[in-house]
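Please look over the model shown here. My notes on its nonpolar packing and charged pairs follow as numbered points.

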Amino acid sequence: MEVPRLDRALNSPTSPCEEVIKNLSLEAIQLCDRDGNKSQDSGIAEMEELPVPHNIKISNITCDSFKILWEMDSKSKDRITHYFIDLNKKENKNSNKFKHKDVPTKLVAKAVPLPMTVRGHWFLSPRTEYTVAVQTASKQVDGDYVVSEWSEIIEFCTADYSKVHLTQLLEKAEVIAGRMLKFSVFYRNQHKEYFDYVREHYGNAMQPSVKDNSGSHGSPISGKLEGIFFSCSTEFNTGKPPQDSPYGRYRFEIAAEKLFNPNSNLYFGDFYCMYTAYHYVILVIAPVGSPGDEFCKQRLPQLNSKDNKFLTCTEEDGVLVYHHAQDVILEIIYTDPVDLSLGTVAEITGHQLMSLSTANAKKDPSCKTCNISVGR
């Protein structure tokens, strides 16, 4: 049985969340810690015999919710009026730093049939490890609580964004995509050593590699999808690729139709910014039926290659014509190997602008343009 969204137990009666909690029939209290130590003036009575939750099971995990179930001894079970849930981000060096990290995550709910759903985007973040422990409690007529000992501590990890969440990101990106500009080539900038290595060790074929953790923290392609990054943005005044790049002074250029054609599918992967005025959109091009195509089909919204706000391939007089969005920076991931013989490698004349690099870049969680109402 699902219960309304669980919110934090707040200590301040003047909290802006007070009305939300009141509407959800939840009560604001100060909880003792997992060792049973009470805070001063906590309003929790001396501990009495109440069943301690055990054999805790977590299921139906999403990026901002989960179901929790446990077993209890029948003794004094009918006295339970509330559950106390201690939800904490697991301590690790690479933990996701989200906006409200300083708000406590002690939760309280009226006792309801289990399993119970815990949800709430302001305290659950996607793809993040958490620990959870549970107490049972009995509210007394004087307002005090009798509580059980804490259960064992369980660890779990929240999920990536679902297709529903990515569709919300897609709709936000469409708003700012801007007019479409014509282009004819995809390009990839790297150092000379990269292309030398490809020729020597991979028989001239650039190989897909696992995408880094740049962009939205909940993106299902980060650390999972294998592909090769390309760009297609052009300069407004020349219609050609810019001469500057943050990734290296050597550029591989390939005709757009070699990668993007009726035999490939197009997917939306992410929308983000890095504390800057400009925004990035990640698109995935996957040959039909390829492993990359199967990966994306399960996880990403598919775009109509002929009609979308970001990247189009249409036919005019028997020739394929390509356009890209002007007001976002497109990052294209192609999921299959690409032979260097299909294009050209040459040195660019511009500068290497490292400030534009997106390698492992973290998304601005406070940007209203590119965030959605789920965990950051």
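1. Setting aside neighbours within four places in sequence, Phe 186 has contacts (heavy atoms within 4.5 Å) with Phe 230, Ser 231, Cys 232, Phe 252, Glu 253, Ile 254, Ala 256, Leu 259, Phe 260, Ile 285, Leu 311 and Ile 332. This is a predicted model, in which local features need pLDDT of at least 70 and side-chain atom pairs count only at pLDDT 80 or more, while totals for chains, interfaces and linings use all residues. Residues are numbered from 1 along each chain as its sequence is written, and side-chain values use heavy atoms, with hydrogens and water left out.

2. Phe 186 also belongs to the largest nonpolar core, which has 56 residues. Such a core is a set of buried Ala, Val, Leu, Ile, Met, Phe, Trp, Tyr and Cys residues joined through side-chain atoms within 4.5 Å. Buried means under 20% relative accessible area, exposed over 50%, and partly exposed in between (1.4 Å probe, protein chains only). The members touching the most others are Phe 186, Phe 230, Phe 268, Leu 283, Phe 310 and Leu 311. Strand β16 (residues 280–287) supplies the largest share of this core, seven residues. Strands (E, at least two residues) and helices (H or I, at least four) are DSSP runs, numbered from the N terminus.

3. Another core, of 24 residues, lies apart from that one; Phe 66, Ile 80, Ile 85 and Met 116 are among its members.

4. How many salt bridges does a search of the whole structure find? The search gives nine, a salt bridge being a side-chain nitrogen of Lys or Arg within 4 Å of a carboxyl oxygen of Asp or Glu.

5. Lys 90 is partly exposed, at 24% relative accessible area.

6. Lys 192 and Asp 196 form a salt bridge with closest N and O atoms 2.9 Å apart. They sit four residues apart in helix α3 (residues 192–201), so about one helical turn separates them. Lys 192 is partly exposed at 40% relative accessibility, and Asp 196 is partly exposed at 31%.

7. In the salt bridge of Glu 294 with Lys 297, the closest N and O atoms are 3.7 Å apart. Because they are three residues apart in helix α5 (residues 291–299), about one helical turn lies between them.
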